[in-house]
Amino acid sequence: MAAKPVIHEAINCLRNINQRNGFLNAFVRVPPEQKVTEQALAASQRYDTGTPLSPLDGSTFAIKDNICTKDMVTSCSSLMLADFNPEYDSTVVAKLKNAGAIVIGKTNMDEFGMGSHSTTGFHGSVRNPYSSHLSAYSAGGSSGGSAAAVAGSLCFGALGSDTGGSVRLPASYCGVVGFKPSYGLLSRRGLVAYANSLDTIGIFTRDVRSAQLVFDCLNEHDPADPSSLDGCSRRRIKDYVIGSQSATNQSRRWDIGVPVDYNVAEISPPLKTAWVSTLATLRDLGHNIKPVNMPSTRHAVSSYYIIALAEASSNLAKYDGVQFGPHTAATSRSTNDISPSLQLVAAARENGFGKEVRRRILLGNYSLTSEAMENYFIHAQRIRRLIKEEFDSIFCTPNPLNPEPERSLNSGTGVDFLISPVSISSAPNLEEVAKADGAGVDGYINDVFTVPASMAGLPAISVPVHGNGDLPIGLQVTAQYGDEKHLFEVATLIENLLEADT
Amino acid sequence: MSIRRSTVRLFSTAVRRLQQDTIPEWKPIKKRPRYTPSEESLAYVQAILEKPTWSITELLPPSHLKSTSNSPPLDPRDMVTPEKLRHLLRLSALPMPKDQKEEDEMIKDLNDQLYFVNKIKEVDVTGVEPLVAIRDESREKGVTLEDVIKAEKEVEGFGPMGGETWDPLKQAKSKLGRYFVVEGEMGEGPTVDDEVMVSAGEVKKVNSLDTVEITGTGTR
């Protein structure tokens with residue numbers, strides 16, 4: 001077996017972190033360098049003796065700071081968890097370590113994942129590696145630190161979390177591959193919860209092949225995560241994927257859907273050009289390009305925010321300053337009919353949570369109040385069903401999770417994938433972001449392309465495409481539930497539309 | 001762990017060499033399209049994407065600069081009043097506004113958010129079953145007592161710590177022996193709010209401090 005230059009790569013990453021992280025602010029915590037080099041050395045020896053633990057042995061990984069790492073603070077970029085030192089590794093981190101991967105640091109993010117530019121955390125803003133000293137660009141959020149670390153060659157790959165686009169958006173802004181798997185495939189044990197029904201672990205790498213390697217390493221049932229699909233369901237999905245598309249050779253002609261409801265007025269001209277020319281090239285290569293209507297797109301983001309924030313407000317209720325977080329001494333006595341102990345909790349939550357988090361908790365609790373529950377939360381869950389059914393009606397393969405998935409209404413008329421933008425433009429300037437940030441909802445509308453796949457639990461990947469400009473542009477490929485295999489195939493196809501410019 | 005000499009040597013030379021390198025500014029790997037799309041295909045796709053179908057600024061409240069909304073403003077019945085705001089803050093265990101300005105800001109933020117989420121009311125969902133979670137519905141059947149017992153057995157040993165011993169007190173900033181410390185007034189008994197704060201455990205008193213005993217290390 002050819003020796004892999006793991007030591008060289010690890011040292012390169014350490015050097016890049018030393019030189020560039022001060023500017024990028026991608027990592028918020030790194031282990032001692034010696035620990036990294038020792039692990040690289042051990043991995044190198046395993047390659048020398050022909051006994052590497054896995055294809056990822058010796059590769060360096062950045063871990064988003066909401067994914068628990070044993071004996072390494074996991075802060076979610078929140079003061080509430082600034083000293084939270086988990087007692088165990090999350091399942092995904094443990095799996096990476098077992099495969100020989102080296103954890104090279106924890107990455108910056110929006111506080112508790114609440115943001116689209118990685119600017120709301122107490123560690124400050126992440127800068128896109130494509131920034132210059134003259135103008136700093138957003139790395140996207142909320143997993144911006146992980147995306148910037150991969151893009152800036154500070155590590156081989158990274159883990160993030162994707163609730164409504166938090167992996168795909170930063171990947172598109174930073175010009176790397178960002179993959180959100182089908183809901184329920186990768187274990188979330190040890191991922192600090194944002195919105196349980198939507199949260200997935202996501203993967204950042206520089207190419208599609210690497211993302212697939214990482215996915216294969218992590219894709220296994222975890223009995224300690226109640227949302228993790230068990231072996232029986234996994235086998236069933238596998239049968240479906242293989243059974244429905246037996247002709248899996250490279251020359252397969254795909255039916256590619258263009259969701260016309262993603263064609264919004266705000267899409268920037270370079271992004272539109274990249275979208276059009278990628279689809280046109282795929283058509284030249286023999287694939288069918290078909291327009292598809294997905295009218296529920298217009299209401300997806302509103303219903304997403306109701307569901308996500310209701311679940312978030314419930315998840316964040318446990319942070320009261322007693323078990324975790326800043327301990328606040330009693331200062332004032334009963335005012336506003338509020339007991340001293342509730343005041344203590346409120347004070348701890350005021351000190352521990354940033355403004356955007358508090359704003360989102362309020363809306364989340366609003367939609368859970370008895371008078372709003374039916375009109376907001378339940379109504380949004382009904383729309384969620386419509387969104388999922390709409391996806392099922394356009395894909396030619398049935399959803400393997402449906403009660404009677406054999407029944408496919410659109411074999412022959414449906415599409416295999418959807419190709420759309422990830423965001424309305426390339427990375428915005430951080431100054432523009434700061435100006436717009438005061439307005440809360442202004443940021444919410446940018447999630448319009450990423451939220452539908454999250455609502456339906458579908459796999460989606462952001463792949464960098466040529467954008468003619470200085471800043472990267474990503475296109476999103478979405479597939480039917482569980483069809484990661486073919487999603488990676490078409491993502492590779494898009495990746496191969498580019499070649500190195502020498 | 002035994003380390004071969006040659007590997008160590010290789011390793012230290014690598015470190016030395018890299019440390020001496022003068023590092024150029026980071027440059028992204030430049031890429032270019034491998035193919036030029038045909039005029040015919042370009043025209044075909046452009047025809048599909050020629051006209052935008054809608055504008056995302058329609059979702060913004062009319063008061064917003066960029067808004068292109070043509071739906072009516074938020075129904076006054078849905079608007080947040082100062083009383084409602086206080087109620088929500090209390091439910092959220094968040095502090096009350098410090099002054100009128102902060103209160104006005106909070107109400108405006110909430111009303112903006114509500115306008116944005118109220119868009120869902122345009123959709124008729126009569127007869128649609130709520131989608132609560134993504135799960136394998138193909139295997140869904142009623143849950144029997146046997147299923148529960150079996151599942152309980154399977155989960156045993158898979159606590160959040162995988163059966164390891166775990167100290168729930170370790171993360172707390174303020175504690176006394178095996179107790180979390182929650183400061184309160186002298187003589188104040190366990191109130192409803194105390195129960196909100198610490199859901200598991202028995203409340204005891206030590207001097208002027210309300211302390212909560214953790215019953216068993218596995219308490220979550």
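**A chat about two chains**

Modeller: Let's begin with residues 75-131 of chain B: that stretch is 49% helix and 0% strand, and its end C-alpha atoms are 27 Å apart. Keep in mind that this is a predicted model.

Biologist: What does UniProt call residues 75-131 of chain B?
Modeller: An unreviewed UniProt entry places "domain: Glutamyl-tRNA amidotransferase complex subunit Gta3" there.

Biologist: OK, and at what angle do helices H3 and H4 of chain B cross?
Modeller: Roughly 85°, and the axes of H3 (residues 82-91) and H4 (residues 100-117) come within 10 Å. H3(B) and H4(B) are therefore roughly perpendicular to each other.

Biologist: Which residues meet there?
Modeller: From H3(B) you have B:Pro82, B:Leu85, B:Arg86, B:Leu88 and B:Leu89, and they meet B:Glu103, B:Met106, B:Ile107 and B:Leu110 of H4(B). Sorted by class, the contact has seven nonpolar residues, two charged ones and no polar ones.

Biologist: Let's hop to chain A. How do helices H6 and H16 of chain A pack?
Modeller: H6 (residues 208-218) and H16 (residues 484-495) of chain A pack at about 160°, with their axes 9 Å apart. That angle makes H6(A) roughly antiparallel to H16(A).

Biologist: And who makes that contact?
Modeller: On the H6(A) side, A:Val208, A:Ala211, A:Gln212 and A:Phe215; on the H16(A) side, A:Glu484, A:Phe488, A:Ala491, A:Thr492 and A:Glu495. By class, this contact of H6(A) with H16(A) has five nonpolar, two polar and two charged residues.

Biologist: Now the two chains together. How many residues does each chain put into the contact?
Modeller: Chain B gives 110 residues and chain A gives 128. The area buried between chain B and chain A is about 11300 Å², and carbon and sulfur atoms give 62% of that.

Biologist: How many salt bridges are there between chain B and chain A?
Modeller: Eleven between chain B and chain A. Over all chains, the structure holds 31 salt bridges.

Biologist: Why would side chains pair like that?
Modeller: Side chains of opposite charge can pair when their charged atoms come close. One case here is A:Asp83 with B:Lys173, where the closest N and O atoms are 2.6 Å apart.

Biologist: Where do A:Asp83 and B:Lys173 sit?
Modeller: A:Asp83 is in the loop between strand E2 (60-64) and helix H3 (91-98) of chain A, while B:Lys173 is in the loop between helix H5 (145-155) and strand E2 (175-176) of chain B, and the pair crosses between chains. Another salt bridge joins the side chains of B:Asp109 and A:Arg359, at 3.0 Å from N to O.

Biologist: New topic. Which residues does UniProt annotate as "active site"?
Modeller: A:Lys64, A:Ser142 and A:Ser166, again from an unreviewed entry. They are spread over 103 residues of sequence yet cluster in space, with a largest C-alpha distance of 11.0 Å.

Biologist: Where are A:Lys64 and A:Ser142 placed?
Modeller: A:Lys64 is in strand E2 of chain A. A:Ser142 is in the loop between strand E3 (102-107) and helix H4 (144-151) of chain A.

Biologist: Is the peptide bond from A:Gly141 to A:Ser142 cis or trans?
Modeller: That bond is cis, with omega near 5°. For background, most peptide bonds are trans, and most residues other than glycine have a negative phi.

Biologist: What is phi at A:Asp71?
Modeller: Phi of A:Asp71 is near 60°, a positive value in a residue other than glycine. A:Asp71 lies in the loop between E2 and H3 of chain A.

Notes:
Residues are numbered from 1 along each chain as its sequence is written. Chains are lettered from A and ligands numbered from 1 in the order in which they are written. This is a predicted model: local features need pLDDT of at least 70, side-chain atom pairs count only at pLDDT 80 or more; totals for chains, interfaces and linings use all residues. Side-chain values use heavy atoms; hydrogens and water are left out. UniProt positions are given in the numbering used here, feature names are shortened, and annotations may be inferred rather than shown by experiment. Helices (H or I, at least four residues) and strands (E, at least two) are DSSP runs, numbered from the N terminus. Axes are lines fitted to C-alpha atoms, for helices over the stretch in contact, and angles run from 0 to 180 degrees between N-to-C directions. Angles under 35 degrees count as roughly parallel, over 145 as roughly antiparallel, 65 to 115 as roughly perpendicular and the rest as oblique. Contact means heavy atoms within 4.5 Å. Ala, Val, Leu, Ile, Met, Phe, Trp, Tyr, Cys and Pro count as nonpolar, Asp, Glu, Lys and Arg as charged, and the others, Gly among them, as polar. Buried area is the accessible area (1.4 Å probe) that two parts lose on being put together, summed over both. A salt bridge is a side-chain nitrogen of Lys or Arg within 4 Å of a carboxyl oxygen of Asp or Glu.
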